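Hi there,

Here is the structure I promised to pass along. Have a look at it first, and then read on for my notes.

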Amino acid sequence: MAETILVCDDEELIRWSLGEQLRGEGYPVVEAVDGRDCLEKLRTLAPALIFLDLKMPEVDGMTVLRTIREQDADLPVIVITAHGGVESAIEATRLGASAYLQKPFDLREASMAAQKALEDQRLKREVTYLRSRQPTGYGEIVGDSVAMRKLFDTLRRLETIDAPTVLLQGESGSGKDLVARAIHRRGPRRARPFMEIDCTALPEPLIESELFGHERGAFTDAKATKRGLFEAAAGGMLFLDEIGELPLGMQSRLLRALENRKFRRVGGVADIPLDAAIIAATNRDLRGEVKAGRFREDLFFRLHVVPIEVPPLRERVEDIPALVQFFLDKFNRSFNREVRGVSARAMERLQQWRWPGNVRELRNVLERTIILLPHDLIDLPDLPAELRGEPARSGTVGCPFVLPDEGVDLEQVDRGLTEQALTRTSGNQSAAARLLGISRYALRYRMEKFGLK
Ligand SMILES: Nc1ncnc2c1ncn2[C@@H]1O[C@H](COP(=O)(O)OP(=O)(O)OP(=O)(O)O)[C@@H](O)[C@H]1O
Ligand SMILES: [Mg+2]
C-alpha cells in the first residue's frame, strides 16, 4: 500500500492541484487547510510525507514544522515558500525540512521532490535496520541492557559448573524458561536429558508420582512400575517450573530428596540416587512466600544456591529494539512477510508501555501487528489500541476504558460516573441508572454510599 501524503496549504487551488498530481501517482492524499488542521490530522494520521506551506494564517508553517520536529525527528517535510522566500526556506531547512518548493512551482517538480524525500526516508530506515541487526545476547536470549549483560555473565560462568542448583525468579513472561533451557544447552550436561514439570499443572498426589515415580500397586491405578522425572533426568537437569505453587507436603518431600541426594519411588523401598541438577523457577517473590508461611524456608535456602533474577521488561527498555528486531525477523519468516521495521514514534511507544506480560506480551503484540499490517513498516496507528492509549473498542474486550499505568481509585471512578449520570439526567434516577447499566436499586445504593442527592 502506498504511503499517505499530507498536503497543508491555506490556498485551495494549491491543495487541489498538488493533491490531484500525487493521487494520480497512486499516493493517498489528505488535505489540511491550515496549521492547526495540519497538527490535528497528524495526531490521527501517520503520513509518510508532508507538503507544508510556510505562510498561513493563525498557526504558520514554521511553527508547525517546529512542532513536528519535537514529535518526530524523521518525518520528511517539503516546505512551500512564497516567491523569493529564500530566507524562510533556509530557516526551514535548518529546522529539518527535506526540501523546499517556491511558488509558483511545477507539479512535476513537486512530485519528484516527493519521490526523493520518500526514497531518502526509505534508505535511512534501511540503515537503522541494518545497524540494529547485530546480534546481541546469549544464544537465543536477546538482550543488550546492563541488566541482561550481567545475567549473561552469570550464565557464562555456569557453563563450566556441573550440576548447579539454580533458582530463577522473575515476572511472568520475562524469559525464565528460556534461561533454564540455555543453562542446560550450554552446560556440561548438555548431552543429557532436560526434563521439566510445571508444579501447577497437577494435583499433589500426581506430582509426587510424576517426580519420584511409583511402584506397581502403590495405588489403585498403578498398574506398572513407573520411573519419575528425577530418574529420567539422571545425569541431566530437572526444571521445576512454578516452584512457588508446590504444595507444602510436596515441598517437604522434595527437600528431603535434595538433602539426602536420594529418594524412593512412591510405594517403593529401594533408595535411588538423585543425580539430576535442579533448576527451579517462580514468578512469585519466594522470600515473601516464606514470610507468609506458604513456602518452606529450608527449601528456599536449599534452592537459593545460584539465584538468578530475570528483570521485568519495563526495567530494561534498552532491550526492546533488539527484541523487536528479533521477533520481526522471526514472524517475517513464519508469515512470509517483509516488514522492515518500526517507526521512531512507534518504537518510542513500545518503550513507554509497561509490559505487564513482559517479553511474551511484546512477542504477542508484534505477532498480532504483523499479521494485520497492510504495509511494511509498523507505525503508531498499527499498534494495538491499548498501546496507543486509546480506549479499546467495546466488544473486543468489553471494557471501553483503559487502565492507566499509575492505576486508578475504582471507588472514585464509581462515584464520579454516578455523579455525572445524575447531573446529566437532572436527577432522574431511572434514566441515570440506564446510563450506568445498573438497576435503580444499585443506583440508590451508590447515592446513599457516596452521599449524593
Ligand atoms: N530475552 C529474550 N529473547 C528472546 N525471546 C524471549 C526473551 N525473553 C522471553 N522471550 C520469549 O518470550 C516468551 C516468554 O518467555 P518464557 O516462557 O521464558 O517466560 P517465563 O518467565 O518462563 O514466563 P512464565 O512465568 O509465564 O512461565 C517465550 O516465547 C520466549 O521465547
Ligand atoms: Mg515459564
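Below is what turned up when I went through it, from the overall form down to single residues.

Please keep in mind that this is a predicted model.

**Overall form**

The chain has 453 residues, and its radius of gyration is 31 Å, whereas a compact globule of that length would come out near 22 Å. Along the principal axes, the C-alpha trace spans about 100 × 65 × 35 Å. You will find 19 helices and 18 strands in the chain. Buried residues account for 32% of the 453. If you take the contacts with a separation of 6 or more, 67% of them are between residues 24 or more positions apart.

**The ligand site**

Ligand 1 is surrounded by 17 residues, and the closest are Val142, Gly175, Lys176, Asp177 and Val359. Four elements each supply at least two residues to the shell: strand E7 (141–142), helix H7 (176–186), helix H13 (320–335) and helix H15 (358–372). In terms of domains, domain 2 (161–310) and domain 3 (314–388) each contribute at least three residues to the shell around ligand 1.

In soluble globular proteins, nonpolar side chains tend to be buried together. In this chain, the largest nonpolar core has 41 residues, and Leu168, Phe230, Leu238, Ile279 and Ala280 have the most contacts inside it. Strand E15 (residues 277–282) gives this core its largest share, five residues. Setting aside neighbours within four places in sequence, alanine 280 is in contact with Leu167, Leu168, Leu240, Ile243 and Leu303. Another core lies apart from the largest one; it has 34 residues, including Val29, Ala48, Ile78 and Val79.

**Backbone details worth a look**

Which two residues does a cis peptide bond join? They are lysine 103 and proline 104, with omega at about -10°. Proline 104 is found in the loop between strand E5 (99–102) and helix H5 (107–131).

Asparagine 358 belongs to helix H15, which is one of the elements that supply the ligand 1 shell. Serine 426 is placed in the loop between helix H17 (410–424) and H18.

Are these two buried or exposed? Asparagine 358 is buried, because 22 other C-beta atoms lie within 10 Å and the threshold is 20 or more. Serine 426 is exposed, because 8 other C-beta atoms lie within 10 Å and the limit for that class is 12 or fewer.

**Serine 430**

Serine 430 sits in helix H18 (residues 429–436). With 11 C-beta neighbours inside 10 Å, serine 430 also counts as exposed.

Happy browsing, and do write back with any questions.

Best wishes

Conventions. Residues numbered from 1 in each chain as written. Chains lettered and ligands numbered in written order. Predicted model: local features only at pLDDT ≥ 70, side-chain atom pairs only at ≥ 80, totals over all residues. Near = placed C-beta within 6 Å. Domains from an automatic or database assignment. Core = buried A, V, L, I, M, F, W, Y, C linked by C-beta atoms within 7 Å. Contact = placed C-beta atoms within 7 Å. Rg over C-alpha atoms; globule rule 2.2 N^0.38 Å.
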